[in-house]
Amino acid sequence: MKRVEPLHPTIDLARLAEISERASAVIDRVRESMLAPEARKTPPRFTAAQLADLCGVDKNKIAYTAKKGKLPPGTKHGQRLEWTLVEARQWVREFRADFLRDPELAGAAVLTVANLKGGVGKTTTTMCLAQRLSLLGHNVLLIDLDPQASLTHLNGILPPEVSDDATVLNLCAGKIDSLLSCVQETYWDGINLIPANNALFNIEFLMPARQRNEDGFEFWRVLENGLDECINKFDVILIDTPPSISYSTLMAISAAQGLILPCPPASLDVASLQQFFSLTTEVLTGLYRSTNTNKVFSFINILINKPERETIATAVRQWITASYAGMILPVEIPKTSIAGTASSVHGTAYDLDASVNQKTLARAITAYDQLGNYVEQQVMAIWSADAESLERVS
Ligand SMILES: Nc1ncnc2c1ncn2[C@@H]1O[C@H](COP(=O)(O)OP(=O)(O)O)[C@@H](O)[C@H]1O
Ligand SMILES: [Mg+2]
């Protein structure tokens, strides 16, 4: 046998600890630079044209209304007027009153974004949807259920800043009944967040233990029950999940009226989506049957995310259509290079400014705008169904 020298020295546990310490020192340095006050996230500002677009009116109407003095007039930046996010949302809520939830008639629509796989765009989709829906005037609550806390990060909050008490963990441990006390404001007006940190991994141990030990405990209803007090405070609740069929994902799916499943149009991803469907169906059927109940979703949508332009295999597309006819969203999110740029500054397309390629940015924003508009329709249908059943009762 030919003798080969090892390519690397061996690694014992002490050495492993050294490597781990070095890695966390590097991350600490990166975090310190991100925590610097000047690196904190700031929301965008809006021009008259953008404001007119959001309000669904033309620019003259903006100038005319601004003169009447009821709504914020904007601030001059050089030659042009600009509105802050807070101001812009005031305008939008005035002009889009017909599209907003009537708190007397309906509670928040709860939507969960899920998929068995990581990297398919769950977190990006959740954040972009929250941003678009808030720009349409709605108040959104985001819940980060992924111990990796990417959604928390996109909101400009870093894991060391999140105490376990700020997450859904206490609810899952049975220490609190309502999540309202965990809701925090973010840099973005109209988006509130229940953040995550890596202690959320414990949910996967807490839930089976409580299921074994507590009579009548139904782990899958924990999140739904914990949201009772939030339902009337928000218009839309959006839940981002870890890439697994875990206790937390099942809780999030059970709490939801609508599901959005992002999926890249590649054969392995579509196969994984099918697995997600069959496993979730099997588990949920067992859980709900065990209590003689049923679960009805208002909608389940597949979002085709990151298609390579022109090169999507027709066969894969046909495969998705054959499997999920009627569930596929009419909007697809193109694969764009701005995601790379955006994640380097810890944001989405809605956070970016003039420093990135404007054509690419516009392509991404157009797609997310269309997605948000479509989801808004679905949300309004959920509110309407709520209002109808209230009328039937009274
Ligand atoms: N449409 C897109 N085009 C290009 N990159 C994307 C797109 N959507 C998401 N990404 C990138 O893919 C990576 C995984 O996305 P993410 O939303 O974190 O997925 P998940 O939550 O499913 O793990 C991120 O780096 C994100 O910026
Ligand atoms: Mg994610």
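Trainee: Which residue just after helix 5 takes a positive phi?

Mentor: First, the ground rules: this is a predicted model, where local features need pLDDT of at least 70, side-chain atom pairs count only at pLDDT 80 or more, and totals for chains, interfaces and linings use all residues. Residues are numbered from 1 along each chain as its sequence is written, while chains are lettered from A and ligands numbered from 1 in the order in which they are written. Helices (H or I, at least four residues) and strands (E, at least two) are DSSP runs, numbered from the N terminus. With a phi of about 105 degrees just after helix 5, the residue you want is Gly-137.

Trainee: How far does helix 5 reach from its first C-alpha to its last?

Mentor: Helix 5 has 14 residues. The expected span is 1.5 Å times one less than the number of residues, and that comes to 20 Å here. The model is close to that, with a reach of 20 Å.

Trainee: How many residues of helix 5 are buried?

Mentor: Buried means 20 or more other C-beta atoms within 10 Å of a residue's own, with exposed at 12 or fewer, partly exposed in between, and C-beta atoms placed from the backbone. Helix 5 is largely enclosed by the rest of the structure, because the buried count is 14 of the 14.

Trainee: Which residue of strand 8 is the bridge partner of Val-113?

Mentor: Strand 4 and strand 8 pair in the parallel sense over 5 bridges. Strand 4 also pairs with strand 9 in the parallel sense, over 3 bridges, and there Leu-111 stands opposite Gly-258. In strand 8, Val-113 has as its partner Asp-240.

Trainee: Which residues point the other way from Ala-109, Leu-111 and Val-113 in strand 4?

Mentor: 5 of the 5 residues of strand 4 are buried, so the strand is largely enclosed by the rest of the structure. Both faces are therefore buried.

Trainee: At what angle do helix 5 and helix 14 pack?

Mentor: Helix 14 covers residues 358-393, and the two axes are 9 Å apart. The pair counts as roughly perpendicular, a label for 65 to 115 degrees, with under 35 being roughly parallel, over 145 roughly antiparallel and the rest oblique. The angle is about 70 degrees.

Trainee: In the hairpin of strand 2 and strand 3, which residue takes a positive phi?

Mentor: Strand 2 (residues 75-77) and strand 3 pair in the antiparallel sense over 3 bridges. The hairpin has 2 residues between the strands. With a phi near 65 degrees, it's Gly-78.

Technical notes:
Pairing = 2+ DSSP bridges. Axes fitted to C-alpha atoms, helices over the stretch in contact; angles between N-to-C directions.
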